Amino acid sequence: MCPLHPTAVRFTSIAIVVGAFLAADVSAQVRYRVEEVIDGESLRVAGVGTVRLLCVDVPKRIEAGRQWSPDADEVVLFLRAFVAAQAVALEYDTVRADGAMSALAYVYLPDGTCLNAEIVKRGLGRLNSEL
C-alpha cells in the first residue's frame, strides 16, 4: 500500500508517512510501460491510457484565475527523468477512474518506490486525500 493511501494517512500523520517512506513489494504485479508524462500528475501508460496519480496535488501550468506556476515545469521534468520508458505497476483504490475517464492509481517503480509519495517527499507536490 502506498504511504499516501487514505487508510495509511488516516492512522498516521503526513510527517510519519513521508518520513517512514518504504518501498512496496510490487515484484509480482503486472507492469506497464510509461509512454509519456502528460503533466505533473498524469502519465500515458501503454495498455491503460491516461493515469492520474492518486492523492497528489501539484502546481498546474494553467489554473483558472491564477498565474502560471513555474513550479509546474519542475514536476514535469522530475517525472520525465524518474519514469521515462520505465515499466511501472499500478495500484487502484476503490474509485478506478475520474470524470475524464483517466485511471486513478498509485504508481510503483520497478524498485517498489511509490511515485505518488516520492513527489510529496521531494516537496514537488502536496498530499490531496480528496482524490
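Tutor: Let us begin with Ala97, which stands opposite Ala103 in β6, bearing in mind throughout that this is a predicted model. The strands concerned, β5 and β6, pair in the antiparallel sense over five bridges. They belong to a closed barrel of five strands, which runs in the order β1-β2-β3-β6-β5 with mixed pairing.

Staying with the pairing of β5 and β6, we can look at the loop between the two strands, where Met101 and Ser102 are both found. Met101 has a positive phi of about 65 degrees although it is not a glycine, and, because its relative accessibility is 65%, it counts as exposed. Ser102, by contrast, counts as buried, because its relative accessibility is 11% and the cut-off for buried is under 20%. If residues up to four places away in sequence are not counted, Ser102 touches Thr50, Arg52, Arg96 and Ala97, so that the serine leads back to the alanine from which we set out.

A positive phi is also found at Ala85, where the angle is near 60 degrees in a residue other than glycine. Ala85 lies in the loop between α3 (71-83) and β5 (87-97), and its relative accessible area of 56% makes it exposed.

Leaving aside its neighbours within four places in sequence, Val107 is in contact with Leu43, Val51, Leu53, Val88, Ala89, Leu90, Thr113, Cys114, Leu115 and Asn116. The largest nonpolar core has 22 residues, and Val107 is among those with the most contacts inside it, together with Leu43, Val51, Leu79, Val83, Leu115 and Ile119. At least two residues of this core are supplied by each of β1, β2, β3 (49-53), α3, β5, β6 and α4 (115-121), and the largest share, five residues, comes from α3. There is also a second, separate core of nine residues, which includes Leu54, Cys55, Tyr108 and Cys114.

Phe78 and Phe82 form a stacked aromatic pair, with 4.7 Å centre to centre and 25 degrees between the planes. Because they are four residues apart in helix α3, Phe78 and Phe82 are separated by about one helical turn.

The protein averages a pLDDT of 81, and 70% of the residues score at least 70. Over residues 10-23, however, pLDDT stays under 50, and for this stretch the model has 17 contacts beyond four places in sequence.

Notes
Residues are numbered from 1 along each chain as its sequence is written. This is a predicted model: local features need pLDDT of at least 70, side-chain atom pairs count only at pLDDT 80 or more; totals for chains, interfaces and linings use all residues. Side-chain values use heavy atoms; hydrogens and water are left out. Buried means under 20% relative accessible area, exposed over 50%, partly exposed in between (1.4 Å probe, protein chains only). Two strands pair if DSSP finds at least two bridges between them. Contact means heavy atoms within 4.5 Å. A nonpolar core is a set of buried Ala, Val, Leu, Ile, Met, Phe, Trp, Tyr and Cys residues joined through side-chain atoms within 4.5 Å. pLDDT is the predictor's confidence in each residue, from 0 to 100. Rings of Phe, Tyr and Trp (its six-membered ring) pair if their centres lie within 6.5 Å; planes under 30 degrees apart count as stacked, over 60 as edge-to-face and the rest as tilted.
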